[in-house]
Amino acid sequence: LGNYDKGKENLDVALEIDQNLDAANLNFGWLYEKSGNEMLAKEYYKKAYVLGRGNSVGKLAAARYNNLSQTTP
């Protein structure tokens with residue numbers, strides 16, 4: 001809905017509970033991608049990929065990372 005501050009606040013809480021939540025890291029990647037910070041988005045996508053260990057979240061994180069890598073250096 002474009003409320004990035006509230007989204008970040010909620011994701012911060014999720015990662016405080018468990019920093020290894022693959023979906024929270026993926027969503028942080030989306031949040032930073034949407035707000036124009038591709039470098040930070042890629043970092044979160046990488047972490048979500050590693051934590052996802054081949055699951056659907058990890059695969060989506062890899063796809064988002066690769067998409068950003070094609071459009072930004």
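View A. Phe28 and Tyr32 are four residues apart in helix H2, so about one helical turn separates them. (Helices are DSSP runs of H or I with at least four residues, strands are runs of E with at least two, and both are numbered from the N terminus.) What you're looking at is a predicted model, with residues numbered from 1 along each chain as its sequence is written. Local features need pLDDT of at least 70 and side-chain atom pairs 80 or more, while totals for chains, interfaces and linings use all residues; side-chain values use heavy atoms, leaving out hydrogens and water.

**View B. Rings that pair up.** How many aromatic pairs does the structure hold? There are three of them. In one, the ring centres of Phe28 and Tyr32 are 5.7 Å apart and the planes meet at 10 degrees, so this pair is stacked. (Rings of Phe, Tyr and Trp, taking its six-membered ring, pair with centres within 6.5 Å; planes under 30 degrees apart are stacked, over 60 edge-to-face, the rest tilted.) Now check how hidden these two residues are: Phe28 has 1% relative accessibility, so it counts as buried, and Tyr32, at 13%, counts as buried too. (Buried is under 20% relative accessible area, exposed over 50%, partly exposed in between, with a 1.4 Å probe and protein chains only.)

Phe28 also has a ring partner in Tyr44: their centres are 4.8 Å apart and their planes lie at 25 degrees, so that pair is stacked as well. This second pair ties together distant parts of the chain, with Phe28 in helix H2 and Tyr44 in helix H3, 16 residues apart. Tyr44 has 21% relative accessibility, so it counts as partly exposed. Put together, ring pairs join Phe28, Tyr32 and Tyr44 into a cluster.

**View C. The nonpolar core.** The largest nonpolar core has 13 residues, and Leu11, Leu26, Phe28, Tyr32, Ala41 and Tyr45 have the most contacts inside it. (Such a core is a set of buried Ala, Val, Leu, Ile, Met, Phe, Trp, Tyr and Cys joined through side-chain atoms within 4.5 Å.) At least two of its residues come from each of helix H1 (4-17), helix H2 (22-34), helix H3 (38-52) and H4. H2 gives the largest share, five residues.

Zoom in on Leu11. Setting aside neighbours within four places in sequence, Leu11 is in contact (heavy atoms within 4.5 Å) with Ala24, Asn27, Phe28 and Leu31.

View D. Which residues of H3 are buried? They are Ala41, Lys42, Tyr45, Ala48, Leu51 and Gly52. The buried residues of H3 pack against H2 and H4.

View E. Thr71 belongs to helix H4, which covers residues 56-71. Is Thr71 buried or exposed? With 58% relative accessibility, it counts as exposed. Thr71 and Glu38 are 33 residues apart in sequence, yet their C-alpha atoms are 9.6 Å apart in space.

**View F. Stepping back to the whole chain.** The chain has four helices and zero strands, and its elements run α-α-α-α from the N terminus on. Its C-alpha trace spans about 30 × 25 × 20 Å along the principal axes. Of its 73 residues, 30% are buried. Among contacts with a separation of 6 or more, 42% come from residues 24 or more positions apart.
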